[in-house]
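This report goes through the fold of one protein chain, from the whole chain down to single residues. Please keep the sequence and the structure in view while reading.

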Amino acid sequence: MVPPSAPRTALCLCGGGITGGMYEIGALSALDDFFAPVADDSARAFSVNQFDVYVGTSAGSFVAATLAAGVPVRRMFRAVHDDDQSFFPGSRADIYRFDVGQGFGMARDLVGILFTAAVRRLRQRMGLGEILGDLADALPAGVFSLRHYEKFLDRFLRRHDIPTRMNELPRELYITANDLDSGHRAIFGQGELADAPLAKAICASSAIPLFFEPVRYAGRDFVDGAVGKIEHADIALARGVDLIVVVNPLVPYRNDPDREDLPTPLMGARHIRDKGLLAVYHQSTKMSTRTKLHQGLKRYKASHPQATVLLIEPDEQEGDMFLHNPMNFSSRRRMLRYGYESTARKLRAERALYEAAFGRSGVRVDAARLQPPSELAG
């Protein structure tokens, strides 16, 4: 039974690449198990498919969309863990596929620029810096195109009878992106973007700058929704939500190079810089992400003191989420299990907090329902 004054609930899923999406599915599977079955009329059934509002960003947009459509999170967990191609027939090529036409076009532009630069250099003694400036204009807007991913998403939606347009979903869903030309946030699911194709919205939110080219829709170019804000909980608050669960996969790894007595997950390296350029970049990105996230949550708590915000994220002292490139396709099973196991530990430790928060909505929790690692694939 739902109390008459039960607060509206929201689930906000942040970005984090493929590994972040897998972490979120694992974490939400643990949260789903944490909700107790109905024992009497004083409590109501609840699952992660029953939040009133869903907000998704980048990788979190796909997970949020499937949940808002009613796909059980445990079904997703098993499909990824067991590599069930009948449910999720995805492959690396569906995401990372270099556009051959784009490559030929770039090669043509490069040849033209080099020829023009050579002539100008002979006539005007043009410097190397000017040549490099011209070459920069010939570079593509992104290394990969998301057109193939959009086609895959559209097939996935139709295969599972999921509505293909945002305004047709049974629950409120908002997907964030950024308008490249205006420099402002765009929210798919409201205003002029209320009836946007769901696959297009997910791709727009996932277009990580440099890595993927911007996604064009209705004459505008969109990039990754995590470029500015991280959790976008203000969208849910504007919809009158009082209880928000935020899942953030990206936290910096707390390495301690001075503790030689502790085992290090850095595969023999003592310092993060010893892992190379990408390790430095990923650690720096996660530092920025977590800072923006926590500052944003503090502002929301100050401006909406009546709202409860629960944050689920990895432990910064565990290296599992750091050791893998966020776009690593092969580590998805490990990230899935890590998401479940780490979240299960958090829920057991913070049971009283979650029990009080969800109790106001007539939802009970039961830590005994959380499964041990050996039974996760069941």
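## Contact and the pair α1 and α3

Two residues are said to be in contact when heavy atoms of theirs lie within 4.5 Å. The model shown here is a predicted one, and in it Met22, Ile25, Gly26, Leu28, Ser29, Asp32 and Asp33 of α1 are in contact with Val73, Arg74, Met76, Phe77 and Val80 of α3. The axes of α1 and helix α3, which is made of residues 73–81, come within 9 Å and cross at roughly 135°. Angles over 145 degrees would count as roughly antiparallel and those from 65 to 115 as roughly perpendicular, and the two helices are therefore described as oblique to each other. The crossing in which α1 passes α3 is left-handed.

Serine 29 belongs to helix α1, and with a relative accessible area of 0% this serine 29 is buried. Setting aside residues up to four places away in sequence, serine 29 touches Val73, Arg74, Phe77 and Tyr340.

## The chain as a whole

The protein chain holds 11 helices and 10 strands, and 51% of its 378 residues count as buried. Among contacts between residues at least 6 apart in sequence, 76% join residues that are at least 24 apart. The accessible surface of the chain comes to about 17,800 Å², and 54% of that surface belongs to carbon and sulfur atoms.

## The buried face of α11

In helix α11, which covers residues 351–359, the buried residues are Tyr354, Ala357 and Phe358. Seen down the axis of α11, these buried residues fall within an arc of 85°, so they line one face of the helix. In general, an α-helix has 3.6 residues a turn, so residues three or four places apart point the same way. The cover over the buried residues of α11 includes α1 (17–34), β9 (241–247), β10 (308–312) and α10 (332–349).

Glutamate 318 is placed in the loop between β10 and α10, and its relative accessible area of 24% makes glutamate 318 partly exposed. Leaving aside neighbours within four places in sequence, glutamate 318 is in contact with Tyr253, Tyr338, Ser342 and Arg345. The C-alpha atoms of glutamate 318 and valine 251, which are 67 residues apart along the chain, are separated by 9.9 Å.

Serine 58, found in the loop between β2 (53–57) and α2 (59–68), has a positive phi of about 55° although it is not a glycine. Aspartate 83, in the loop between α3 and α4 (100–124), is a residue other than glycine whose phi is positive and near 55°. As for accessibility, serine 58 counts as buried at 6%, whereas aspartate 83 counts as partly exposed at 40%.

Terms used: Residues are numbered from 1 along each chain as its sequence is written. This is a predicted model: local features need pLDDT of at least 70, side-chain atom pairs count only at pLDDT 80 or more; totals for chains, interfaces and linings use all residues. Side-chain values use heavy atoms; hydrogens and water are left out. Buried means under 20% relative accessible area, exposed over 50%, partly exposed in between (1.4 Å probe, protein chains only). Helices (H or I, at least four residues) and strands (E, at least two) are DSSP runs, numbered from the N terminus. The arc is that of the directions from the helix axis to the C-beta atoms. Accessible areas come from the Shrake-Rupley method with a 1.4 Å probe; for residues, only the protein chains shown count as cover. Axes are lines fitted to C-alpha atoms, for helices over the stretch in contact, and angles run from 0 to 180 degrees between N-to-C directions. Angles under 35 degrees count as roughly parallel, over 145 as roughly antiparallel, 65 to 115 as roughly perpendicular and the rest as oblique. A crossing is left-handed if the near helix is turned anticlockwise from the far one by less than a right angle, and right-handed if clockwise.
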